[in-house]
Amino acid sequence: MTESPSAPRATPRIDPLDPPEPYLSFWRERHHCTLTTLRPDGSPHVAPVGVTYDPAAGVARVLARRTSRKVAHIRAAAGEDGSGARVAVCQHAGRRWATLEGRARIRTEPAAVAEAELRFEERYGRRPTPNPDRVLIEITLTRAMGKP
């Protein structure tokens with residue numbers, strides 16, 4: 001049976017805790033990314049961010065200002081059960097792309113923020129400017145997909 005040219009293609013699924021090397025390598029390259037959060041009305045809010053991916057820990061990390069809309073959306077949607085807000089981070093370069101999905105929570109502990117800053121410096125080649133309002137958006141990964 002031949003697939004119709006207009007038939008949708010299956011999204012390539014990847015284990016976020018054990019990605020193949022090309023996927024992991026793509027996340028090590030220096031790319032700008034986006035973070036998608038949900039506003040209280042359910043509509044998506046997409047913001048440019050830097051992301052680091054740590055499959056061994058099962059997390060992605062995003063640095064943010066505590067007063068940003070993305071942080072407010074995550075706090076509003078985090079849930080009383082502590083499960084975190086549903087979010088996605090994505091990057092692309094030409095035809096290559098990668099998305100990580102999961103549950104986000106806001107971390108303010110200085111050690112967690114400092115570790116995220118070091119990982120940011122490793123990926124992006126520069127230390128983030130000091131910011132006393134910095135927090136960490138830590139995403140516990142539930143899904144990965146892409147075509148690196």
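The protein carries 24 positive and 17 negative side chains, and the centres of the two sets are 6 Å apart. The model is predicted, so local features need pLDDT of at least 70 and side-chain atom pairs count only at pLDDT 80 or more, while totals for chains, interfaces and linings use all residues. Residues are numbered from 1 along each chain as its sequence is written, and side-chain values use heavy atoms, with hydrogens and water left out.

The protein has three helices and eight strands (DSSP runs numbered from the N terminus, with H or I of at least four residues for helices and E of at least two for strands). Along the sequence they follow the order β-α-β-β-β-β-α-β-β-α-β. Of the 148 residues, 43% are buried, meaning under 20% relative accessible area with a 1.4 Å probe and protein chains only; exposed means over 50%, and partly exposed lies in between. A contact is a pair of heavy atoms within 4.5 Å. Among contacts between residues at least 6 apart in sequence, 70% join residues at least 24 apart.

Helix H1 covers residues 21–28, and its buried residues are Tyr-23, Leu-24, Phe-26 and Trp-27. Seen down the axis of H1, these fall within an arc of 155°, so they line one face of the helix. The arc is that of the directions from the helix axis to the C-beta atoms. An α-helix has 3.6 residues a turn, so residues three or four places apart point the same way.

Helix H2 spans residues 69–77, with Lys-70, Val-71, His-73 and Ile-74 buried. They cover an arc of only 160° around the axis, which puts them on the same side of H2. The face turned away from that buried side carries the exposed residues Arg-69 and Ala-76. The buried residues of H2 pack against several strands, including S2 (33–38), S5 (59–65) and S8. Just after H2, Gly-79 takes a positive phi of about 85°.

Strand S8 (residues 134–147) holds Ile-139. Is Ile-139 buried or exposed? Ile-139 counts as buried because its relative accessibility is 0%.

Technical notes: Lys, Arg positive; Asp, Glu negative; His and termini not counted. Charge placed at Lys NZ, Arg CZ, Asp CG, Glu CD.
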